[in-house]
Amino acid sequence: MISIANNLTQVRTAIANACQGAHRPADKVQLLAVSKTRNSAQLLELYRAGQTHFGENYLQEALDKIAALSQYPLIWHFIGPIQSNKTRAIAENFSWVHSVDRLKIARRLAEQRPAHLPPLNICIQVNISVEANKAGCCIEQTADLISQIAELPNLKLRGLMAIPKATKEPLEQQQAFAALAGLLSQCQQQHPSLDTLSMGMSADIVPAIEQGATIVRVGTALFGPRSYPNTPS
């Protein structure tokens, strides 16, 4: 039987070791538990083991879990593709959005963020590996998009997110993460408040941390292999 609490300990140890190897403080890297397709009981088990940040890809599935776990102080991150007709629910229920890749979506999130909530933390998703079928803004358009989003109310622009092309080659992993880190560094010249690099998953957290990740998005290493009985919306 998989022990989610033990898995959490192992992942945190891996993060700490990677930070030590990169000469970075371990508290500079936030673990985001990617909980898509996982049930509320699994999330609650992980929360009771000390995890508070959870990332969801599918809106309706996420809303069900947010409602079921509303008595617990979980911090919800939306990390999936965003359709225009779903921005209101995202703006109303999440603390972070990692997958903004166009101005239209950012404007809708800004307009629909409830006034009683703090500004919504935003990361711009960049298609860092230049894949034809992958979401994310073009590298060349990132700086302009940052400048436009930075002017919107009710949002707090934090940094960049990417899902590089899947590869088991360490050098290719490092190059993709280094490219995103370099892009953030360039953008920080005009927007020094940017502080977030959301990159790295279960299979590549070490090179991501070596290249400066501040949030790593981990699912399988925490919950075990994923099954997809249906594709949620």
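Asn121 is buried, with a relative accessible area of 12% (buried means under 20% relative accessible area, exposed over 50% and partly exposed in between, with a 1.4 Å probe and protein chains only). The residue sits in strand E5, residues 120-125; helices (H or I, at least four residues) and strands (E, at least two) are DSSP runs numbered from the N terminus. Leaving aside residues up to four places away in sequence, Asn121 touches Ser95, Trp96, Val97, Lys156 and Arg158, where contact means heavy atoms within 4.5 Å.

The model is a predicted one, in which local features need pLDDT of at least 70 and side-chain atom pairs count only at pLDDT 80 or more, while totals for chains, interfaces and linings use all residues. Residues are numbered from 1 along each chain as its sequence is written, and side-chain values use heavy atoms, with hydrogens and water left out.

Just after the helix, His23 takes a positive phi of about 60°.

Aromatic rings come next. Rings of Phe, Tyr and Trp (its six-membered ring) pair if their centres lie within 6.5 Å, with planes under 30 degrees apart counted as stacked, over 60 as edge-to-face and the rest as tilted. The count by this rule is three aromatic pairs. One of them, Phe54 with Trp76, is tilted, at 6.0 Å centre to centre and 40° between the planes. Phe54 lies in strand E2 (residues 53-56) and Trp76 in strand E3 (residues 75-78), so the pair ties together parts 22 residues apart in sequence. Phe54 is buried at 0% relative accessible area, and Trp76 is buried at 6%.

Phe78 and Phe94 form an edge-to-face pair, 5.4 Å centre to centre with 80° between the planes. Phe78 belongs to strand E3 and Phe94 to the loop between helix H4 (87-93) and strand E4 (96-100), so this pair joins parts 16 residues apart in sequence. Phe78 counts as buried at 2% relative accessibility, and Phe94 is buried at 1%.
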